[in-house]
Amino acid sequence: MDKQQVLEMLVELCEDEIVLENPDIDLFEEGLLDSFGTINLLVEIENRFNISVPITDFNREEWNTPNRIVAELAERQ
Amino acid sequence: MTPYGNIVFFIIIGILLLPTIILGLRGKSAKGYNIVISIVVLALIFGSSLNGSISLILFTVFQLLLIIGYQKYRSQKNNTSVFVIAVLLSILPLVLVKVLPMLGLQNLFGFLGVSYITFKSVQMILETRDGLIKDKISPVELAYFLLFFPTVSSGPIDRWRRFYKDMHTAPSGQDYQKLLLSGINYIFVGFLYKFILAYLIYNYTLIYLPSQTYNYLTPFQGQIAYMYMYSFYLFFDFAGYSAFAVGVSRIMGVQTPINFNRPFSSRNIKDFWNRWHMSLSFWFRDYVYMRFVLWMTKKKWIKNKYTVSYIGFFLLFFLMGIWHGLELHYVVYGLYHALLIISFDKFERWNKKRKLWPKNKWTHAIGVFITFNAVCFGFYIFSGTLF
């Protein structure tokens with residue numbers, strides 16, 4: 001898993017290129033992700049990187065920007 | 001004694017908390033002492049009814065055995081049916097409390113706060129299932145969490161892993177001082193909201209509404225006035241209570257999550273549920289909606305993922321509705337909000353493609369106006385005056 005792959009996944013899920021331009025954007029504040037988007041994110045993470053993140057472990061404060069998501073995933077690999 | 005119901009309650013907990021504050025300012029943990037005073041305050045709250053006290057004790061022991069027992073089981077095996085049985089058992093007392101009165105057995109079982117303790121208990125079983133609670137749990141600490149007196153009667157609903165961290169860290173004297181000041185600040189916000197604003201709204205408007213308006217208002221205007229006044233009353237009363245609970249928690253070194261974040265300034269209905277009774281709506285979001293949608297997505301029984309999401313919203317709001325009570329107006333209240341969220345979600349996706357509703361201060365203001373009125377109408381249903 002590299003950073004680029006995670007960002008590409010986020011572009012697909014958020015349907016917005018802004019994730020690439022500003023990887024520190026708050027995805028929930030900006031309405032790019034919501035609870036439903038989060039589910040799709042968790043499913044995609046499992047499919048693409050084979051990392052299983054329990055929903056209860058997904059904390060919006062810790063997973064709110066593309067950079068933070070990359071960091072969280074790197075930690076779990 | 002009702003928690004935060006009168007000045008005597010505040011004086012008692014004020015005195016009981018003095019050693020907590022002194023220990024805190026010296027940078028020491030007051031956990032042991034706080035557990036002791038919790039028992040005292042719980043006895044004050046529940047002691048007046050023998051039936052209530054016995055129910056509470058039996059209920060708590062039942063939940064403790066269930067959580068610790070399930071955790072023991074989970075450390076060896078992970079069978080789905082055992083998990084489902086554990087969850088059903090933990091909500092069984094709450095279901096009985098709601099259903100027994102309908103069978104004419106209201107005094108058999110039931111006490112203040114039963115649903116809020118159930119939320120915490122179910123949450124622990126779900127997180128244990130997810131493998132997030134692995135360390136051995138002390139029954140005393142677990143009981144302290146479930147029965148944490150500042151929040152025992154009506155929340156906010158805290159989470160174990162967060163609570164656990166607070167319980168096991170003693171902030172430095174300086175940090176505690178900040179916590180103490182913000183706690184006191186919350187308590188004064190509570191006084192303003194509950195004992196001044198909610199009190200005034202109730203005694204000067206609500207008791208005359210909707211019909212005893214001495215002919216100042218037409219019946220229709222009376223209903224409209226009732227709708228808005230009831231909404232404000234509900235907010236100030238509950239946000240006031242929640243501020244007390246958050247404030248007292250902080251003095252005890254526990255940063256109980258806030259319940260309200262300016263809900264009437266929400267720009268849309270999703271935003272509203274991130275600001276109104278937050279600890280409850282986040283509980284339903286995380287433990288009902290998201291789990292349901294993820295489960296359905298993995299099973300692939302329904303192709304369209306939006307359909308799954310909408311069924312999830314219906315489930316969430318239906319449960320939230322009947323949690324308030326099994327009366328028709330609560331059910332309709334829940335379904336009404338499900339409908340609002342789904343409609344907004346459809347609009348949001350439609351707008352993402354066409355971009356006809358831009359993001360600027362004008363659309364923001366219109367959004368706040370529409371949301372405010374839609375929400376007030378929801379509370380009007382909730383009040384039970386409509387039917």
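Helices (H or I, at least four residues) and strands (E, at least two) are DSSP runs, numbered from the N terminus. The model is predicted: local features need pLDDT of at least 70, side-chain atom pairs count only at pLDDT 80 or more, and totals for chains, interfaces and linings use all residues. Residues are numbered from 1 along each chain as its sequence is written, and chains are lettered from A and ligands numbered from 1 in the order in which they are written.

**Exercise 1.** Determine how many helices and strands chain A has, and in what order its elements run.

*Solution.*
- Step 1. Chain A holds 4 helices and 0 strands.
- Step 2. Read from the N terminus, the order is α-α-α-α.
- Step 3. The radius of gyration of chain A, taken over C-alpha atoms, is 11 Å. The globule rule (2.2 Å times the number of residues to the power 0.38) gives 11 Å for 77 residues, so chain A is as compact as a globular protein of that length.

**Exercise 2.** Locate Ser35(A) in chain A, and state why it counts as buried.

*Solution.*
- Step 1. Ser35(A) lies in helix 3, residues 35–49.
- Step 2. A residue is buried if 20 or more other C-beta atoms, placed from the backbone, lie within 10 Å of its own. Ser35(A) has 22 C-beta neighbours inside 10 Å and therefore counts as buried.

**Exercise 3.** Identify the residues in contact with Ser35(A), leaving aside its neighbours within four places in sequence.

*Solution.*
- Step 1. Contact requires that the C-beta atoms of two residues, placed from the backbone, lie within 7 Å.
- Step 2. With those sequence neighbours left aside, Ser35(A) is in contact with Arg285(B), Tyr289(B) and Met290(B).

Note on methods. Buried ≥ 20, exposed ≤ 12 C-beta atoms within 10 Å, placed from the backbone.
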